[in-house]
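Biologist: Please put the model up, and then we can go through its cavities and helix packing.

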Amino acid sequence: MSAPRARLDVAGWLVLVARSWELHLLVLAAALFMLPGAPIDSDVLKGAFCAVFIVPLVLVSIAWREGTAAGAFLGTAGLRLYVGSILLAVLGGWMAGGFDATLPSSVPDRIIIVALSLTAALVGAVAARRHPDALWSAAGLAGAISGVYALRQALGFEQAFSPPPELTNGIKEVVALMGNSTRAGALLALALPALAAVTLTRLDKTRPRHADTRSLAWPVIALVLVATALLLTQARGARLAALAGVVVVMAARGFTGRRSLVVGGALALSLLATSALGGLDVLLARKLPDSAPILSGQDVTTSVRLEVWRSTTTMVADGPGLGHGLGLYRESFAPYRSAAESELPGLHGAATEVWHPHSEWLLSAAEGGWAALALLALFAGATLVRARRNYRQDHVGGDLVALGVMTAGLVVASVQDAWSSPGTAVIVFAAAGHVWSPLLTHSDADKRRGLALGLALAISLALAFLAWPRWAGHHGAWSFQSQAAAAGGIRFEDFDTLASAAAAAPHDIDLQRMTRHIGLRLLSAVPPEHRAEVSAVLADVVLRIEALQARAAH
């Protein structure tokens, strides 16, 4: 009997994946896509890849199968609040004159994230109606795969970003496939309450001392794996978010000795595994001392984070009523940086910029003003309340998963860029879509399928047009770095790849600066017959940098 039953479990899961393949594809692409050897903070590549290659497939499939009834879902009360906060930020940027011909690349990046979030909400709602376990399957699978990769990094089988030992107390940074340990921690923090919820749901369906506990074993194993990987990232904010999500799930299900023993035992095992893999330093020591430089735009000490929050609050209070504009935080924040924070060096003494305030609430207020923050807070609160109501009414395991994911998502959004990073944003908004899915109906599905397909194609083409320069630019930069690594150094024959990347993304100041830096190094090393070509590329790059800097100064 045991072997056929095992096959049925696998077959049932495959049916689940087939019925909600759009959700699984979107979540796994956003969370796990990573080019080999890609640089740290590679969210641009993830977002552009999803926008160009994944979203069109997903939208067309849903439009064909659901018709305009799916589109009507985006007009539900919860989603209207989120869209309203974004529209206020767009209006604020337009009124402040921030959207002009030299629009910085941060604006299309922000639009891409918003589009991915709304797509995830729609896909989450559709998947919830097709199968109530779709959310935990997608989030748990992404978390488990990320957890395996994180463990391989901790054991030295996979390469991880490792800052100089003197900056991190010698502890290797575990980043999974997110390019950054805080983002990896956030992803794992979202998966952990989902796995805890399904563990509790299956536990209550299994009689004590019953012989067949196979359906419970896999969620518990995944729970230990993901919790261990989360602890290895040393992301303290993510640890807090995961704990909040698990506690809310336990409280909603009801604390009992059996439930507490299973979940608590799994978490205790993860503590032991983490101690065995990384020692007590991983559990107790701080990853970065206060004196450490900023390792990246998203990896900072607590003191730096607090300083950025204070400066952002000043920026919001001093800014226009509708904020500084969608995607314009980076260039608008510079005048508000404190001297102590702005003088901190990055790696190798490089100057730093603040891309995100490390709080989605402060980002909303900075981009769209206090009104946008109020709408975003109402969206979050209404979604959390409805998630709790859904579970109380139906006691469906999928609703418990959504409640746990949303709780962790709200906490982690308070301390980092969890709603602005593709890998975590799609899971949070897929959970929001699951919460609001009862409002999705089939009323017009067949009658207006052609209209829905037309809208899906139009939106997909517009998004791909916006995202293609981001993909071409960063994929080209990655190709150049791969060529240089394979050759053991920078060669003139590879410089054309980087020059083409810079030309494809003319408003990406980081890519322009990189091209200028490499070009200046080459200029003194290449034969005289090639110097004119390098000089011409440098001249174009300098003009782009000057235009972007003049805009920022204005």
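**Cavity lining and helix contacts**

Modeller: This is a predicted model. The lining of the largest cavity comprises six nonpolar, two polar and three charged residues.

Biologist: Which elements give two or more residues to the lining of the largest cavity?

Modeller: The lining includes Tyr82, Ser85, Ile86 and Ala89, and also Glu360, Ser364, Glu367 and Leu376. Residues 77-95 form α5, and residues 360-394 form α17. The elements with two or more lining residues are α5 and α17.

Biologist: How much space lies in the largest cavity?

Modeller: The structure has two cavities of 30 Å³ or more. For the largest of them, the space is about 110 Å³.

Biologist: Are α2 and α7 roughly parallel or roughly antiparallel to each other?

Modeller: The axes of α2 (residues 21-32) and α7 (residues 134-155) cross at roughly 25 degrees and come within 9 Å. Angles under 35 degrees count as roughly parallel. The two helices, α2 and α7, are therefore roughly parallel.

Biologist: How many charged residues are in the contact of α2 with α7?

Modeller: On the α2 side the contact includes Leu23, His24 and Val27, and on the α7 side Ser137, Leu141 and Ser146. By class, the contact of α2 with α7 has 11 nonpolar and three polar residues.

Biologist: What does the crossing angle make α3 relative to α6?

Modeller: Helix α3 (residues 43-66) and helix α6 (residues 106-130) have axes that come within 10 Å and cross at roughly 40 degrees. Angles under 35 degrees would count as roughly parallel, and 65 to 115 as roughly perpendicular. The angle of α3 to α6 therefore makes the pair oblique.

Biologist: How many charged residues are in the contact of α3 with α6?

Modeller: Among the residues that meet are Arg65 and Glu66 in α3 and Asp109, Arg129 and Arg130 in α6. Beside 12 nonpolar and two polar residues, the count of charged residues in the contact of α3 with α6 is five.

Biologist: Is the crossing of α11 and α12 left-handed or right-handed?

Modeller: The axes of α11 (residues 236-253) and α12 (residues 257-278) come within 11 Å and cross at roughly 160 degrees. That angle makes α11 roughly antiparallel to α12. Val246, Met250 and Arg253 of α11 make the contact with Arg259, Ser260 and Val263 of α12. The crossing of α11 and α12 is right-handed.

Key:
Residues numbered from 1 in each chain as written. Predicted model: local features only at pLDDT ≥ 70, side-chain atom pairs only at ≥ 80, totals over all residues. Heavy atoms only, no water. Axes fitted to C-alpha atoms, helices over the stretch in contact; angles between N-to-C directions. Helix = DSSP H or I, 4+ residues; strand = E, 2+ residues; numbered from the N terminus. Parallel < 35°, antiparallel > 145°, perpendicular 65-115°, else oblique. Contact = heavy atoms within 4.5 Å. Nonpolar A, V, L, I, M, F, W, Y, C, P; charged D, E, K, R; others polar. 1 Å grid on protein atoms, 1.4 Å probe; cavity = no way out; pocket = protein on both sides within 12 Å on 5 of 7 lines; lining within 4 Å. Points joined across faces, edges and corners; volume = space filled by probe spheres on them. Left-handed = near helix turned anticlockwise from the far one by under 90°.
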